[in-house]
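Please examine the structure shown here before reading on.

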Amino acid sequence: MKNVLVILPLKDEHKQMLEEISPDLHFYYTQGERASIDKIAEANIIIGSVSPKVMHHACQLEFMQLSSAGSEGYTKPGVLRPGAILANASGAYGPVISEHMLGMLLLLYGNLGIYMENMKRHLWEYEGDARTISGSRTLVVGMGDIGSEFARKMSALGSTVVGIRRHNAAVKPDYAEAVYTMDALDEELRRADIIACTLPGIPGTYHLFDEKRMNNIKRGAVLLNVGRGSLISTEVLCKALEGGTLGGACLDVAEEEPLPSDSPLWTAPNLIITPHISGISHMEAVCENVVQIAVKNLRAFCEGRPIMNEVDFETGYRKLENRV
């Protein structure tokens, strides 16, 4: 008998799907981070994202299915029991987060935020020309689940899409003009009207957009970041917005979260920022997707088959052979 700790807000039908996998599984359900240390210590399998700070108590862990697409914090030595398998929930967030990205971009491109403020002030005024997505060039930095979904939507709206990823093993999707590796980033930044970042927060992406790289961006381009706030220095971003290097930015993440009340981001020009909610604001849809991934992976684990979305502890990314 293996103990399965589930930390997700599940419906009865979801629980039934999990429990039908094997009679040799004993389930304990909770929500949020309310799992006791005792339950964590007893768990052979964890479905959901227990804080990495307490994972050293999981001394019997064999398999952990995260409810998040990112796995940073779990891949550091000593966090998980040696030999434990880790899988992320890539594939669960792409549809909803890409919609959030598109919504922020349309708000900025159409000056709609300004018109909303004018409405509050009862002002009927023209606020300048709007920009259009059709005919633009979009660079997606990080062509995983979220980046690929955003790229697909931008292509459907008439933007020429180019992707950047850390490897070149994947076949170029039909909605992208090209997909390059990171060594093409600087050249493509000079050509893009819209730059969308969906990269995880790992050592290799820290301050990827430094001042030198930011100054290399096509003047007037719009930068979106839904990956991790550590990709972009707050100081560098504000300087680029205030100086006109960037024509705007849309963020769902920040270098420091929660964002302090005195952060310069609150008053930076042409900036739309949301409090890291692009995924959780659609939690019902996301949870449904996470459950589907968890069911497939739990069944695969019980049957000794390869796990989908298994994380490579060396890179922090999904193993190439186990991608969705």
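## Aromatic pairs

Two aromatic pairs occur in this predicted model. Phe 27 and Tyr 29 form a stacked pair, because their ring centres are 5.9 Å apart and their planes meet at 5°. Phe 27 counts as buried, at 13% relative accessibility, whereas Tyr 29 is partly exposed, with a relative accessible area of 23%.

Phe 63 and Phe 301 make up a stacked pair as well, with 5.3 Å from centre to centre and 20° between the planes. Phe 63 belongs to strand β4 (residues 63-65) and Phe 301 to helix α9, so this pair ties together parts that lie 238 residues apart in sequence. Both Phe 63 and Phe 301 are buried.

## Nonpolar cores

The largest nonpolar core has 52 residues, of which Leu 18, Ile 47, Leu 105 and Leu 224 touch the most other members. Among the elements that each supply at least two residues of this core are β1 (2-7), β2 (25-30), α3 (94-109) and α9 (283-303). Helix α9 gives the largest share, ten residues.

Leaving aside residues up to four places away in sequence, Leu 105 touches Ile 133, Phe 150, Met 154, Ile 194, Val 222, Leu 224 and Cys 250. A second, separate core consists of 34 residues, including Val 141, Leu 185, Val 236 and Leu 246.

## The cavity

How many cavities of 30 Å³ or more are counted? The count comes to one. The largest cavity has a volume of about 60 Å³.

Residues lining the largest cavity include Asn 225, Ile 232, Thr 234, Leu 251 and Glu 255. By class, its lining has six nonpolar, four polar and one charged residues.

Methods:
Residues are numbered from 1 along each chain as its sequence is written. This is a predicted model: local features need pLDDT of at least 70, side-chain atom pairs count only at pLDDT 80 or more; totals for chains, interfaces and linings use all residues. Side-chain values use heavy atoms; hydrogens and water are left out. A nonpolar core is a set of buried Ala, Val, Leu, Ile, Met, Phe, Trp, Tyr and Cys residues joined through side-chain atoms within 4.5 Å. Buried means under 20% relative accessible area, exposed over 50%, partly exposed in between (1.4 Å probe, protein chains only). Helices (H or I, at least four residues) and strands (E, at least two) are DSSP runs, numbered from the N terminus. Contact means heavy atoms within 4.5 Å. On a 1 Å grid over the protein atoms alone, a cavity is a set of points where a 1.4 Å probe fits but cannot get out, and a pocket is an open set with protein on both sides within 12 Å along at least five of seven lines; lining residues have an atom within 4 Å of a point. Grid points are joined across faces, edges and corners, and a volume is the space filled by probe spheres set on the points. Ala, Val, Leu, Ile, Met, Phe, Trp, Tyr, Cys and Pro count as nonpolar, Asp, Glu, Lys and Arg as charged, and the others, Gly among them, as polar. Rings of Phe, Tyr and Trp (its six-membered ring) pair if their centres lie within 6.5 Å; planes under 30 degrees apart count as stacked, over 60 as edge-to-face and the rest as tilted.
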